Amino acid sequence: MNATLRARALRAGDELEGAPAEEILGWAVEQFGSGLVVAASMAEAVLVDMLSRIRLDVPVVFIDTGYHFAETIGTRDAVRHRYDLPLISVAPQLTVAGQDAVHGPRLFERDPDQCCRMRKVVPLDRALAPYQAWAAGSRRAESAGRKNLPAVGWDERRGKVKIHPLAAWTDEDVERYVQEHGVIVNPLLSDGYDSVGCWPCTERGQGRAGRWTGSTKTECGIH
Ligand code: SF4
């Protein structure tokens, strides 16, 4: 079953390379329907907006780590208000206070990988479990580690098709779409933050350079 799905994903990745983002997302919606879920970081709502123009019953999932900036939670709430899509906010098993009690305060400083695992990876795994495929707004231009991101690929660990409709988009492409469609944008992006994450691990900076500054960590492990 997984081998067939994997082969389908890799074939689609070849066929859809260079296709417009709307076509890639449209393919995913057509192929997987309610078996598809879209993950949103709430940096901007480009992918959510695009989805809303295709189909309104595909859920959007947001990981509420408990460490988000107020602006990010506000962006989530504005997106929920504006779009008629099911928006699922997923929380970790432990609250921040609960995590502090069990693992000690400021785990994000002492062991960010464990903190990310408990607050992002495990909750997302749980949220994605019922679905065959998931889409995210990751782009090749965001970092060196993402430069080979396929339009459609295979999430080996989770055994799911993973779709990146915006893989080939530049920052200018995002800006153009935002302007053309009046897309909701997290206010942090006009306050010097290029990448939006948890407040303890995000500083102002270009691209994803503001994430986990001073450490070699570049990804939280969900991608
Ligand atoms: S980004 Fe930082 S605060 Fe957020 S889950 Fe990861 S380590 Fe914890």
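Reply: Gladly, and let's start with a helix pair. The axes of helix H1 (residues 2-16) and helix H2 (residues 21-32) come within 11 Å and cross at roughly 155°. Axes here are lines fitted to C-alpha atoms, for helices over the stretch in contact, with angles from 0 to 180 degrees between N-to-C directions. Helices are DSSP runs (H or I, at least four residues) and strands are too (E, at least two), numbered from the N terminus.

Reply: Before we go on, this is a predicted model, in which local features need pLDDT of at least 70, side-chain atom pairs count only at pLDDT 80 or more, and totals for chains, interfaces and linings use all residues. Residues are numbered from 1 along each chain as its sequence is written, and side-chain values use heavy atoms, with hydrogens and water left out.

Me: Why are H1 and H2 called roughly antiparallel to each other?

Reply: Their axes cross at roughly 155°, and angles over 145 degrees count as roughly antiparallel (under 35 roughly parallel, 65 to 115 roughly perpendicular, the rest oblique). H1 and H2 are therefore roughly antiparallel.

Me: What makes Met42 buried or exposed?

Reply: Met42 has a relative accessible area of 0%. Buried means under 20%, exposed over 50%, and partly exposed in between (1.4 Å probe, protein chains only). Met42 is therefore buried. This residue lies in the loop between strand E1 (36-39) and helix H3 (46-52), and its phi is near 65°, a positive value in a residue other than glycine.

Me: Why is Arg106 called partly exposed?

Reply: Its relative accessible area is 42%, so Arg106 is partly exposed. Arg106 sits in the loop between helix H5 (96-103) and helix H6 (107-110), with a positive phi near 55°.

Me: How do you know that Ala97 is exposed?

Reply: Ala97 has a relative accessible area of 55%, so it counts as exposed. Ala97 lies in helix H5.

Me: Which residues come nearest to the ligand?

Reply: Of the ten residues around the ligand, those are Tyr67, Cys115, Cys116, Cys198 and Cys201; a residue is near a molecule or strand if one of its heavy atoms lies within 4 Å of it. Helix H7 (residues 112-128) gives the most to this shell, with five residues.

Me: What makes Cys116 and Cys198 buried?

Reply: Cys116 has 8% relative accessibility and therefore counts as buried. Cys198, at 11%, counts as buried too.
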